[in-house]
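Hi everyone, thanks for coming.

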Amino acid sequence: MNETPVSVSTMVEFTLDDEVVKVPDGSTILDACRREGIETPTLCWAENLTPVNVCRVCVVEVEGSRVLVPSCSRAVEEGMVVATDSERVRTSRRMVYELLASSVEMDRADPEVHAWMEHYGARPERMGDRSEIATVAQPVKVQDDLYVRDYERCILCYKCVEACGDDAQHTYAIATAGRGFGAHISTEHDVSLPDSACVYCGNCIGVCPTGALAFKTEHDMREAGTWDESSQSVTTTVCPFCGVGCNLELHTQDERIVKVTSPADHSVTHGHLCIKGRFGWQHAHA
Ligand code: SF4
Ligand code: SF4
Ligand code: FES
């Protein structure tokens with residue numbers, strides 16, 4: 001009788017911060033760092049999206065490489081020697097945060113963004129007086145009752161474009177437009193969101209790291225000064241609208257749902273939802 005061949009993934013051996021480690025062939029340096037417990041900042045990378053390498057905050061030093069390499073997309077090679085916390089790496093990561101935060105409003109970014117900025121001692125103010133340097137300041141786009149687009153908080157990480165496109169929704173309602181400092185995320189011909197191809201799945205909100213895309217509830221509460229994450233709780237449940245079984249994380253404050261997310265590691269949703277799961281909770285308050 002023929003035996004079914006057992007698939008054994010080939011391991012690659014390399015040096016990571018002076019330790020010899022082995023990881024499965026095809027792993028990225030970031031995969032290896034996560035496996036070895038080495039925390040690494042990321043902005044444009046997410047476990048449920050294809051790496052696009054645009055933010056460069058995850059860079060590491062690879063012996064023999066002239067430039068720093070993005071750990072989120074560079075595959076590990078046999079014999080590679082990688083340093084994740086050299087002076088050059090720390091300086092580069094600090095510069096990325098400083099350049100971004102000098103032209104983009106980062107006050108509503110994910111908590112880990114602020115933690116990493118503090119860790120690297122980022123001082124965006126040293127890039128100049130904010131009133132004198134070019135920023136992406138612009139009015140917030142409030143075009144419906146579900147979510148707002150506040151592009152003065154956009155770092156052009158492309159995550160929303162990927163979530164709307166090939167990586168999840170396949171709707172392609174938003175894409176990048178313009179060039180250089182004028183590059184921005186836009187609907188086709190910059191039409192309002194209700195006039196675009198958008199189906200209001202909110203998957204773009206789910207991946208945005210800076211708060212540029214936000215639930216209208218969150219936006220309104222922040223503007224009113226009532227948004228208080230420390231008093232919020234998160235309850236995981238199953239979406240009641242169909243039999244797919246998506247997991248919902250209901251964020252509640254003062255016994256009211258204020259936004260809905262989904263865990264990125266869920267085998268069905270991978271963090272993505274449809275309009276019903278993402279926004280169809282108002283009946284719970286009736
Ligand atoms: S809500 Fe969904 S369809 Fe609309 S832009 Fe965002 S990801 Fe695309
Ligand atoms: S809106 Fe958010 S997710 Fe989209 S590119 Fe800007 S920062 Fe990234
Ligand atoms: S997280 Fe690696 S380039 Fe953005």
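Some ground rules. This is a predicted model, where local features need pLDDT of at least 70 and side-chain atom pairs count only at pLDDT 80 or more, while totals for chains, interfaces and linings use all residues. Residues are numbered from 1 along each chain as its sequence is written, and chains are lettered from A and ligands numbered from 1 in the order in which they are written.

So, the overall picture. Along its principal axes, the C-alpha trace spans about 70 × 60 × 40 Å. A compact globule of 286 residues would have a radius of gyration near 19 Å, and the protein has 21 Å, which agrees. That radius is taken over C-alpha atoms, and the globule rule is 2.2 Å times the number of residues to the power 0.38.

In secondary structure we have seven helices and 13 strands. Those are DSSP runs numbered from the N terminus, with helices being H or I of at least four residues and strands being E of at least two.

How is the protein divided into domains? The domain assignment gives domain 1 at 7-135 and domain 2 at 141-285; such bounds come from an automatic or database assignment. The C-alpha centres of domain 1 and domain 2 lie 25 Å apart. The contact between them takes 19 residues from domain 1 and 21 residues from domain 2, where contact means C-beta atoms, placed from the backbone, within 7 Å. On the domain 1 side, the residues touching domain 2 are 13 nonpolar, two polar and four charged. For those classes, Ala, Val, Leu, Ile, Met, Phe, Trp, Tyr, Cys and Pro count as nonpolar, Asp, Glu, Lys and Arg as charged, and the others, Gly among them, as polar.

Let's take the five-stranded one: it is open, runs in the order 2-1-5-3-4, and its pairing is mixed. Two strands pair, by the way, if DSSP finds at least two bridges between them. At the edges are strand 2 and strand 4 (69-70), each pairing on one side only.

Walk across it with me. Strand 1 (residues 11-16) and strand 2 (residues 19-24) are antiparallel over six bridges, with E13 opposite K22. Their hairpin has two residues between the strands, and D17 there takes a positive phi near 50°. On to strand 5 (residues 81-83), which runs parallel to strand 1 and is joined to it by two bridges; T15 has V81 as its bridge partner. Strand 5 also pairs with strand 3 (residues 59-62), antiparallel, again through two bridges, and V62 stands opposite V82. Packed on this sheet is helix 2 (residues 87-103), which touches strand 3 and strand 5 and makes about 155° with the direction of strand 3. Such angles run from 0 to 180 degrees between N-to-C directions, using lines fitted to C-alpha atoms, for helices over the stretch in contact.

Next, an open sheet of three strands, in the order 6-7-10, with antiparallel pairing. Strand 6 (141-142) and strand 10 (213-215) each have a single partner strand, so one side of each has no neighbour in the sheet. Strand 7 (residues 147-149) pairs with strand 10 over three bridges, and R149 partners L213. Helix 6 (residues 216-224) packs here against strand 7 and strand 10, at about 90° to strand 10.

E249 sits opposite T261, and D254, in a hairpin with two residues between the strands, takes a positive phi near 50°.

Finally, the ligands. Which residues are closest to ligand 1? They are C164, T171, C198, C201 and C204, out of 13 that surround it, where near means a C-beta atom, placed from the backbone, within 6 Å. Helix 4 (159-164) and helix 5 (203-207) each give two or more residues to that shell, which has nine nonpolar, four polar and no charged residues.

Ligand 2 is surrounded by 13 residues, the closest being C154, C157, C160, C208 and A212. Its shell divides into 11 nonpolar, one polar and one charged.

Technical notes:
Contact = placed C-beta atoms within 7 Å.
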